[in-house]
Amino acid sequence: MRNRLAGLITIFLIGNSIAVSAWAADYKVALPGYHYQFPRDHFNHPDYQTEWWYYTGNLRASDGHRFGFELTFFRQSISRDANPSPWHIHDLYLAHLALSDISGHRFYHEERISRAGPGMAGVDENTGVIWNGNWQAQREEDAQQLRGIGQEFDIQLNLKTQKPPVIHGRDGISRKAEGVGHASHYISFTRLLTSGSIELKDDTYKVEGTSWMDHEFFTESLDLTDNGWDWLSLQLDDNTELMLYRLRHKDGTIEPYSSGTYVDAQGKTTFLSLKDFSMTPGGETWKSSQSKGTYPVRWHVSVPSLAIKVDVATPLPNQELTSAIGPSYWEGAIDITGQRAGIPLHGVGYLEMTGYGVAHGASVAP
Amino acid sequence: MASLSLFSRLIVRPARREPARSLLIVLAVALGVSVVLAIDLASSAAAGSFRSSMETLAGDNDLEVTAVGGVADQIVGQLAILPYSIRVSPRIEDHATVVASGETVPLIAIDVVAEANSHKDQQAQNQNVDSRKIETPKIDGFKHINDADAIWTTRQLAGKVGDKITLLINDQKRDYTVRGFVPESAQVNGNVVLMDIAAAQNATGKAGHVDRILLKVPEQPGFDVWQQKLRAVLPSGVELNAQGSQTAANRRMLSAFRWNLGILSYVALLVGAFLIYNTISVSVVRRRADIGTIRALGASRNTILAAFLAEAAVFGFVGAVLALPLGRLMATGAVRLLATTVDALYISSRPGSLSLSGESVVLALVVGIGVAVVSALAPAREASLVPPTEAMARGAREYTIRVERTRDAWIALALALAAALAARFPAIAGKPLFGYLSALLLIAASALAIPALVFWITSVASTTLRKFMGVEAMLASRSLAGSLRRTSVLVAALSTAIAMMTSVGIMVGSFRQTVTTWMDSQLPADLYLRPAGDPSADRHPTIALDLTDRIARLPGVESVSRFRAYEIQYEGLPVTLGSAETNLSRFYQSSGFLSRRPAKDVLKELLSPDAAIVSEPFANKHHAKAGDVLTLPLGEKLVKLRIVDIFYDYANERGYVILDRSTILRYLPDPSASNLAVYLAPEADLETVRNEIKASAAHSEVLIFSNRDIRHEAIRIFDQTFAITYALEAIAILVAVMGVAGALMSIVIDRRREFGLLRFLGAASSQIRKLILVEAGLIGILSNIAGVVLGVLLSLVLIFVINKQSFGWTIQFHWPVAILLGALTGVYVATVLAGIYPARIAQRLNPIEVVHEE
């Protein structure tokens, strides 16, 4: 669940009567019973207002140097006018590219915003490319090639599919709140064997590791998570994965529709509702000097039905993406230690936390 | 201390005793310097500001991608996805006229969405840097992002956000809503309208194209490497240059114009120099006794020399300081005139702010002190040669230095021959240096020939004058011949000013006549249409496509010829590329070609593939001749064009390359026209057809000119263009006449004893008055004669050497008799008037007092 875009969207929607009115009339909402067709559903869904493709991963170079990365492509629909000009804005494309140099104790991140324009950003099912400028993900049958050219670093990664795509939630939708349409279509590749290269400053690292990919599309009129959310992807060393999220309300309560998914070694999925798991801050915090937000960077997670009890901690506390365009959030590589039915269990993953910084949805840029 | 008291005795006291003399020198310096300064300030303000708002808003980029007819949209996408860390900023750059005020402002379109990234980058980079460095204005959020009527403007254009503004873009009026303001921090020069690219493509008719793509590349591995890498991915006809190369090209184009203007401004200074020389010479004579005393007391020659030079330097300094505010004031007037010229001949510009920089102050001081000291050199030397015995002589010695008039006349002849020789040399680096040398030699020759002329004319005239105007006239004539040197300097100064006026007058008049004749052949159509808005040499707004067809179908219309112009760069200089329907119409039918072949034959050849004709200024600048091959980027291709012939053209100085419409449409398939020429059927009535066209153009803002209108308009623009030269002449004349007045003043003071004696011997005061006025009149006549002769010679140099080498126009020599006669009479009358006040002073001299004084 990557609902942060709701925050981003608010910025564009303020006073943007075009987008608001367009929403009601022109878009579909995520409804139960959606029939998924792959590979078609890996690509664009212009009938839905918001969509994103989200890659995160933990990598290690042959010399032991450890990295985390994030490459995300967002699409936010602005209008569905029949204007034929390539410069007319039907969708805004945002993208985030981040590199966690865990061994080097530094976090690098960039963002960009584009219109589709004459080939500047978009999703092309024929060529299999999802791109924003020179950041792109190219889909092949069992693999995806990622490329991100940053000011300070470049990444070139080849992601091999290890398990079939997972559809989260129930009956084809992942619910966020009570009521029709307050849900998304949410697909993940939970284990992607990754190899490639990272260029940072003047060094080139050959890296290997595992990645995770989320793809979500929906139409929502309101920011339903009024105080932010916490999201976890865990890739455990027994070849299983967990995705968990909790939506926080302003009054401190947790949205009952918060949920998760367990993927076993064979790729079979189990839906986890809020009562099936617990996910609580573990006391350790990190305060951002930029957004002034205080993030809980250690978590205790337990899923009693699976006999899983693990501790989630980060090797690099500062993995906050401060944004000039949208809200700032923390998205970073994590280490997992714990046990399953008494047997030690380890793993890596990614943690996302939003709504801890200055006024939710506001940019930290001066 | 000794030298100080010497300075005080020799210089300060006389200066105080004769405030008129000091004032005259200071004024001559001040006027001359202020003209130089005014032109310097005004020309940099008028010429330096073109496109600057485009460049200010272009931001900090390294390279720019351009193409004739625009860069295809897809190239923006192709560049954006290259695996390099470059920033890609597409731009549409056009002009819009604010209908309410009539002001034409740059219209700049940016990718509002992508610009949010640059803004963010800059914020990141400039966190600790001066925030004014942020060139690109931040567009508030993405509100109104798809509104075709959303604009962002400078504060002066609208009262508040939400205000409506009607803009004329090409030939269409459209209503826009101000959605925000360009922040002051962007430091835009003048007004500007910003739009999103989507809205601008729609408004300017540039769908599918942008005008420029700006690129910011990383520092590593170097600019040249990036240029090569990027060049490799672009089609051959698309150009990749360092950012601002257009501006650089424009500056190069304007440099010759500014240079010539600068030279012209120094003529006023030259006239000033003659006067300073004269005034100081007179004062040296008056101070001979003082000089002799000081020499007798032991001062060396060098001390005397230094004292007089120091005096000149002080006068120069004071004059230069006075020239600063005066020049600034003159510049205010000049800048408007100059901007008009630059607009008409070269490029859209808007006068920048006039700034009196440190450089201008240094220029004024150097020129002011320099001209004063140089003018004082000869008189100061003369002063240093005064023997100490002079102090012992009783009474002041008269002004009796001999003038070697015969020797000087021979030198003058030699200089004139050298001038004729210099006129035959070609330009150096595009600048007619030898042309100016030739002009300078002519002026020097004339100055040296003047003593002989004055002597000869006055001696011939004195008897005649006596017969017709009485004894006073004869005395006046003799007196002029007697103080030959002083008279010669005065005549030289005034005649140089007159010569300048005459030569420029002849050149402009000839040019005007040439253009008029040329228009007879060049404008054969009955009606002409162009989009409304300010005309400028580098703007080519287009006319709605369907209008052409509607007009062609109107009864009474025989044919419509479409002309389309594009701005291109050739060899680093801006050029206008045009396409005309040469087959269909009578366009250029009667044009004159350098080859003197009949137009019909040339135009037939122009119809063959990839043929071109070029204008004379183009050929001149780029050393092109018939048969040469030009390689031009057209669309995405590099096209080789064969020059069929060169045509005479006086429309602008940038130069034209003209193709047949069928040729250009193969490479640039945009059929819109910039101008239409309408030919009427023989029996059609002009006014009827004109009204019908007006009716069918109801939805377009086009101006319709009849053949007569357009000629009238062309001549009006022509006259506007040369207004500045008239202004410069007027100032030179003013300086000269002022000098004559001052000189006559000092003559009166100088000759007090003479006048006193005359009165003593029985002359009436009215006779003294007549004497002075006749002297003034004689100086006027002598100056007019010398000035006209010199002026005609200078005009030949201007027309056939300087103009030809700087601008490349062939001008037929023509006598603008009426204008010249008028101007010369004016100068004569002014000179006589200048004599009235000195005459009155002389009249009032008390003879007894004066004679006693001595």
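This is a predicted model: local features need pLDDT of at least 70, side-chain atom pairs count only at pLDDT 80 or more; totals for chains, interfaces and linings use all residues.
A crossing counts as left-handed if the near helix is turned anticlockwise from the far one by less than a right angle, and as right-handed if clockwise. Residues are numbered from 1 along each chain as its sequence is written, while chains are lettered from A and ligands numbered from 1 in the order in which they are written.

**View 1. Helix α14 against helix α24 in chain B.**
Here α14 (residues 471-482) packs on α24 (residues 765-806), with an angle of about 50 degrees and 8 Å between the axes. Axes are lines fitted to C-alpha atoms, for helices over the stretch in contact, and angles run from 0 to 180 degrees between N-to-C directions; helices (H or I, at least four residues) and strands (E, at least two) are DSSP runs, numbered from the N terminus. That angle makes α14(B) oblique to α24(B) (under 35 degrees is roughly parallel, over 145 roughly antiparallel, 65 to 115 roughly perpendicular, and the rest oblique). The crossing of α14(B) and α24(B) is right-handed. The contact splits into seven nonpolar, three polar and three charged residues; nonpolar covers Ala, Val, Leu, Ile, Met, Phe, Trp, Tyr, Cys and Pro, charged covers Asp, Glu, Lys and Arg, and the others, Gly among them, are polar.

**View 2. Helix α15 alongside helix α25 in chain B.**
The axes of α15 (residues 484-522) and α25 (residues 817-844) come within 10 Å and cross at roughly 160 degrees. That makes α15(B) roughly antiparallel to α25(B). This crossing of α15(B) and α25(B) is right-handed. On the α15(B) side, look for B:Leu494, B:Ile498, B:Met501, B:Thr502, B:Gly505 and B:Gly509, which meet B:Ile819, B:Leu820, B:Ala823, B:Val827 and B:Thr831 of α25(B). The tally for α15(B) with α25(B) is seven nonpolar, four polar and no charged residues.

**View 3. A nine-stranded open sheet in chain B.**
Pairing is mixed, and the strands run in the order β16-β17-β15-β18-β14-β13-β19-β12-β20 (a pair needs at least two DSSP bridges). The edges are β16 (629-634) and β20 (702-706) of chain B; each has a single partner, so one side of each lacks a neighbour in the sheet. On average, neighbouring strands are turned by 30 degrees against each other, direction ignored. At one end, β16(B) runs antiparallel to β17 (residues 637-647) of chain B, joined by six bridges. In that pair, B:Leu630 sits opposite B:Leu641 of β17(B). Helix α16 (residues 545-553) of chain B packs on the sheet, touching β13 (557-570) and β19 (675-680) of chain B, and its direction makes about 155 degrees with that of β13(B).

**View 4. Confidence along chains B and A.**
Chain B has a mean pLDDT of 80, with 86% of its residues at 70 or more. Helix α3 (residues 52-58) of chain B is lowest, at a mean of 62, and helix α4 (residues 73-80) of chain B highest, at 95. Residues 122-140 of chain B stay under 50, with 32 contacts beyond four places in sequence. Chain A averages 88, and 89% of its residues score at least 70. Its residues 1-23 are below 50, yet this stretch has 60 contacts beyond near neighbours in sequence. Overall, the model scores ipTM 0.90 and pTM 0.75.

Conventions:
Two residues are in contact if their C-beta atoms, placed from the backbone, lie within 7 Å. pLDDT is the predictor's confidence in each residue, from 0 to 100.
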